[in-house]
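Subject: Two-chain model, handed over with notes

Hi,

Here is the model I promised to pass on. Have it open while you read, and my notes on what turned up in it follow below.

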Amino acid sequence: MPEIHIKVSSVEGKAVPIHGNDIDTDQIIPARFMKCVTFDGLGEYAFYDVRYDEQGNLKGHPFDDERYADAGIMIVNSNFGCGSSREHAPQALARCGIRGIIGESYAEIFAGNCTSMGIPAVTLPASDIKQLVTAVEKDPGMTVKIDLAGGVVVAGPNRYHFEIPSAYKQSLVDGSWDSTAVLLANLEDVKKTVESLPYLNGFRRAG
Amino acid sequence: MGRNLFDTVWDLHKVRTLESGQDQLFIGLHMIHEVTSPQAFQMIEERGLKVLHPERTFATVDHIVPTANQERPFQDKLAEEMMQAIENNTKKHGIEFFGLNTDRQGIVHIIGPELGLTQPGLTIACGDSHTSTHGAFGAIGFGIGTSQIRDVLATQCLAISRPRVRKINVTGTLKKGVYAKDIILKIIAELGVNGGIGYAYEYAGETIRGLSMEERMTICNMSIEGGARVGYVSPDETTIEYIKGRPYAPAGEEFERAAEFWRSIASGPDAEYDDVFELDANTLEPMVTWGITPGQAVGVSGRLPRVAELPDEHKEIADKAYAHMGFTEGQEMQGQAIDIAFLGSCTNGRISDLREAAEFLKGKKVSPSVKAFVVPGSKQVARQAEAEGLPEIFTAAGFGWRGAGCSMCLAMNPDKLMWRQICASSSNRNFVGRQGSPTGRTLLMSPVMVAAAAVAGQVVDVRNHIQ
Ligand code: SF4
């Protein structure tokens, strides 16, 4: 089996701020675009209903703002990615070039999906996010770096200490974020669990 | 101190601690549907892997299924393609598939329990955030992304961090016209849509104990709307009674042994929790959402909040909600006209929901200004309803009677809001665009409140319309 162990120790690039709390995955990728059997074409539909009006005219979303063209880092507020578990959401963002996210907080399934894709989603306090967004809006060309190993976001002269669940950080930095291989390595232990589970043994085991 | 169910069940399924600090957790039951699984099959095939325990995965179709005309091939080519993908994938990998040509098809979170697949003490995963529903049985059910579906297919395991556990203790008696839906909408309004991040919610207390399994499912279902990936209720005699005799439930002597195991895992009276939240059911009234998150809900007799009076962190989303909904600060929800009434979804598309709504609708007529329809959550729910004569009551009242599926809960099928239509809905999400129109509007409420709104043509306090 080909093992994929790509280490993600830092990502950097231009950043694009997306304002608002509780941005749900239905906004990130509306359900009607999930009628697909691959993730390939999702990029063009990211934030579709927030970007286009009903006539198909652009409404002025940051993703369409030339100043943020080619941004690889997204800056968000709190509870980003809430709602549906659809991995289509981070898959769509990734296909728009997003490789790292900095935010106040994330819905759990969304953060897990990002990690499964090798995208770090790190957390800063609201005050730092505000400062960072102000700086980026003032100088959209500035490079923002998520230094995972070092635990800091670097933006111009400023450094912000971020948080990320240690398991996520670890698996990104050591390349085990692609979890299938890690889990497969323990199949012997899985057998033991199977043997001990009451419902897999006619409920004859005490558990 | 005693252990809570969550810790007991987690430890039973923990294979080992991984280097990352996450646990490798064995998944007892894996359910899949057509929207989030095709890419996962593609991923395992690309790596030359097979499905490790095909007998522990079950599949159905729900999201894209048309509810009016289910003839194949579907008119929607993309939907047909997805349908064929799940047919092929399940066939190729030896996975049992409850397709449209079986009498067991339905919304994934409805068929698991009704077939007896969902049992206490299991870990249950599905590529769908409302997998928390299955927690009503004392299982740990959680939604996963497609890469994690790949992991479960290939290894029957997940790499996952253990959450903390918050007990939500509900005491008191529900008043007439107040339902399980109102309990969970109240909890979300109180604790916030992100209050449950990092937690599993255990619903406990005399009020929860007094609820039927279907009512418990409604509550656990919407845990995710409160940010909690997992919600559960400890199993008791109500749980055991519900499971008995279902197609995939243990039978005979094995059932007795199973029941003994199920009783043994319930949280003890002295179980420990990371946090406890108390809710008094005596004070609850029917709830209605007014905004664009499930936490933006008020009691039906109340008034909408004034943005200036809200805590700072809620102001921006409240502004957005008012802009989208077109409501006025301080207005009441009672009297708000509606265009569509939707009864269904994995939150409230079960037989008891349909019975209660039908009971209310007997001898009444849907307002001429409203288009109303009811979508049973599964074929079995539909068959049961037919046996009880419910479709006749619905159609006599002016409700359309449809085939089983997710329908207008998320509008990945022909059932969609149009333009700025406003929908009284028994589903679980009122996000902008959720019901198929970017400018459409959703009011979440209990099924009987939906029925009452359909008849009145506007939001009403159902307590004034029942004896
Ligand atoms: S009914 Fe709605 S919430 Fe439930 S599974 Fe279907 S789309 Fe998801």
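A word on element names before anything else: helices (H or I, at least four residues) and strands (E, at least two) are DSSP runs, numbered from the N terminus. The model is predicted, so local features need pLDDT of at least 70 and side-chain atom pairs count only at pLDDT 80 or more, while totals for chains, interfaces and linings use all residues. Residues are numbered from 1 along each chain as its sequence is written, chains are lettered from A and ligands numbered from 1 in the order in which they are written, and side-chain values use heavy atoms, with hydrogens and water left out.

**Where the chains meet**

On the A side, 60 residues are in contact with 79 residues of chain B (contact means heavy atoms within 4.5 Å). Together the two chains bury about 5700 Å², and 59% of that lies on carbon and sulfur atoms. Buried area here is the accessible area (1.4 Å probe) that two parts lose on being put together, summed over both. A:Lys35, A:Val37 and A:Phe203 supply 14% of the area that chain A buries against chain B, more than any other three residues.

You'll find A:Phe203 in the segment after α8 (187-196) of chain A.

Strand β5 (residues 143-147) of chain A runs antiparallel to strand β6 (residues 152-155) of chain A, and four bridges join them. Here A:Lys145 sits opposite A:Val154 of β6(A). This hairpin has four residues between its strands, and A:Gly151 takes a positive phi near 75°.

β6(A) is also joined by four bridges to strand β7 (residues 158-161) of chain A, again antiparallel. A:Val154 turns up here too, standing opposite A:Arg159 in β7(A). The hairpin of β6(A) and β7(A) has two residues between the strands, and A:Gly156 in the turn has a positive phi of about 55°.

**Two open sheets in chain B**

One open sheet has four strands in the order β11-β10-β9-β12 (chain B), with parallel pairing. At its edges are β11 (230-232) and β12 (275-280) of chain B, each with a single partner strand, so one side of each is left without a neighbour in the sheet. From one strand to the next, the twist averages 20°. (Axes are lines fitted to C-alpha atoms, for helices over the stretch in contact, and angles run from 0 to 180 degrees between N-to-C directions.) Six bridges pair strand β9 (residues 164-171) of chain B with β12(B) in the parallel sense, and B:Asn169 has B:Glu278 as its bridge partner in β12(B). Helix α1 (residues 5-13) of chain B packs on this sheet, where it touches β9, β10 (199-204) and β11 of chain B, and its direction makes about 115° with that of β11(B).

The other open sheet has five strands in the order β5-β4-β3-β6-β7 (chain B), also with parallel pairing. Its edge strands are β5 (96-98) and β7 (140-143) of chain B, each pairing on one side only. β4(B) and β5(B) run parallel and are joined by three bridges; in β5(B), B:Glu96 is the bridge partner of B:Phe58.

While you're in that part of chain B, check the peptide bond from B:Arg72 to B:Pro73: it is cis, with omega near -15°. B:Pro73 is in the loop between β4 (57-60) and α3 of chain B.

**A helix pair in chain B**

Helix α2 (residues 38-46) of chain B packs against helix α3 (residues 77-93) of chain B at an angle of about 40°, with the axes 10 Å apart. α2(B) and α3(B) are therefore oblique to each other (angles under 35 degrees count as roughly parallel, over 145 as roughly antiparallel, 65 to 115 as roughly perpendicular and the rest as oblique). The contact is made by B:Pro38, B:Phe41, B:Ile44 and B:Glu45 of α2(B) with B:Ala85, B:Asn89, B:Lys92 and B:His93 of α3(B).

Cheers

Notes: Two strands pair if DSSP finds at least two bridges between them.
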